[in-house]
Amino acid sequence: ERARIPLFADVAKPFLHWNEGAVVRRHFKKGDIICREGDYGSTAFYIEKGKVSIYISAPLKHVKSRKNRQGGAKVNWGPLGLIRHFTSTLVRRDEDEREEESKSRYIHIDGPVPLRYDNPVATLDEGEIFGEMTCMSSYPRSATVRAEEDCTVLEILRNVLYILQRGKASRAILDERYRKRSIENHLRSVPIFASLLSEESQFQEFVNYLRNRVELLRINPGDVIFRQGDPADAFYLIRIGFVKVSQKQPGGESVLAYLGPGKFFGEIGLMSNFPELRARNAPPGLRTATCAALDHVDLVRIKAEDFRHVLDKFPGVRDHLLKIALERLEEDQQTRQRVEKESLGDFLGQGLMNAQSLLVLDLER
């Protein structure tokens with residue numbers, strides 16, 4: 001049985017024997033729900049046979065309060081002066097643009113493909129794995145998965161998934177699957193590459209250049225990816241998990257930001273020779289911050305020479321990255337100025353970067 005499934009070929013038989021029940025073969029009929037968004041779980045799934053659809057069913061809309069004649073939110077009051085309900089409506093994302101919101105057209109989920117905001121559904125075929133983030137980091141399911149035809153799925157517990165992600169043969173299979181199918185969808189969903197989407201031929205050239213040059217890394221919680229002051233040797237894209245960005249300050253470590261799936265880091269040290277960054281005193285060829293994994297993180301690593309080739313070949317990407325690098329340096333400076341007053345480290349320590357919902361109350365209203 002182990003030899004019949006290439007993904008498990010190099011997993012030791014004694015290990016599987018000791019962990020009997022850690023991998024379960026499940027059969028689903030067409031239309032059956034395999035897992036549902038919002039549910040908590042501790043397993044990942046490998047599609048052995050058949051095809052599934054992965055989608056988000058919750059409405060992706062903004063809540064917009066109706067205004068009264070004075071311009072404030074309309075409130076209906078009940079007996080004894082208690083608020084009965086606010087009058088509000090749900091509107092589409094493109095009808096209520098907000099400055100603080102990402103302009104990405106894609107939603108990153110716990111699967112090998114991102115979903116488009118305007119059509120949040122995709123298809124996964126044999127050989128795909130989904131649910132890795134839920135399995136490794138105990139997050140709720142980010143999407144619903146349904147059998148599109150009769151299919152067979154292996155449900156895998158964390159200890160076995162960990163071995164598969166790090167075994168030489170199984171890792172090679174997963175990485176090859178990413179290069180063949182997922183890399184194009186991943187790059188298409190990263191906002192900095194949006195300038196390439198208008199010219200499909202140019203985007204395909206971009207993908208084909210990187211397809212066999214990227215390196216996939218899996219980082220354990222708490223492990224440092226690089227430290228402030230290290231030589232800048234690569235650019236990173238985040239597939240799964242969250243990365244903490246921090247700087248050394250006279251009073252200790254200052255947490256600058258956290259970055260999640262679809263985000264990137266490492267560009268400043270690689271672009272420090274640009275006049276605009278030199279003018280902001282960016283250290284030449286050095287990391288300006290320390291980046292570490294908050295949980296189980298999957299990264300796409302692009303070597304420095306390949307990154308510089310992308311900048312030379314695709315001016316739109318270069319200009320966009322330069323703008324973001326300048327903005328990040330400015331944000332770093334502002335953060336250093338207020339580090340004694342506020343602590344993003346407290347925010348991270350409470351686990352709020354993993355929140356699915358956030359309720360904010362204005363106590364003065």
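**View 1. Tyr-236 of strand E17 (234-240) stands opposite Phe-265 in strand E20.** The model is predicted: local features need pLDDT of at least 70, side-chain atom pairs need 80 or more, and totals for chains, interfaces and linings use all residues. Numbering starts from 1 along each chain as its sequence is written, and side-chain values use heavy atoms, without hydrogens or water. E17 and E20 (residues 264-265) run antiparallel, joined by two bridges. Strands are DSSP runs (E, at least two residues) and helices are H or I runs of at least four, numbered from the N terminus. Two strands pair if DSSP finds at least two bridges between them.

**View 2. E17 also runs antiparallel to E22.** Six bridges join these two strands. Leu-237 has Val-300 as its bridge partner in E22.

**View 3. Phe-235 and the largest nonpolar core.** A nonpolar core is a set of buried Ala, Val, Leu, Ile, Met, Phe, Trp, Tyr and Cys residues joined through side-chain atoms within 4.5 Å. Helix H9 (315-338) is one of the elements giving two or more residues. H9 supplies the largest share, six residues. Beyond neighbours within four places in sequence, Phe-235 is in contact (heavy atoms within 4.5 Å) with residues including Phe-264, Val-300 and Leu-321.

**View 4. A second, separate core.** This core has 20 residues, among them Ile-109, Ala-122, Ala-147 and Cys-151.

Technical notes:
Buried < 20%, exposed > 50% of the residue type's maximum accessible area, 1.4 Å probe, protein only.
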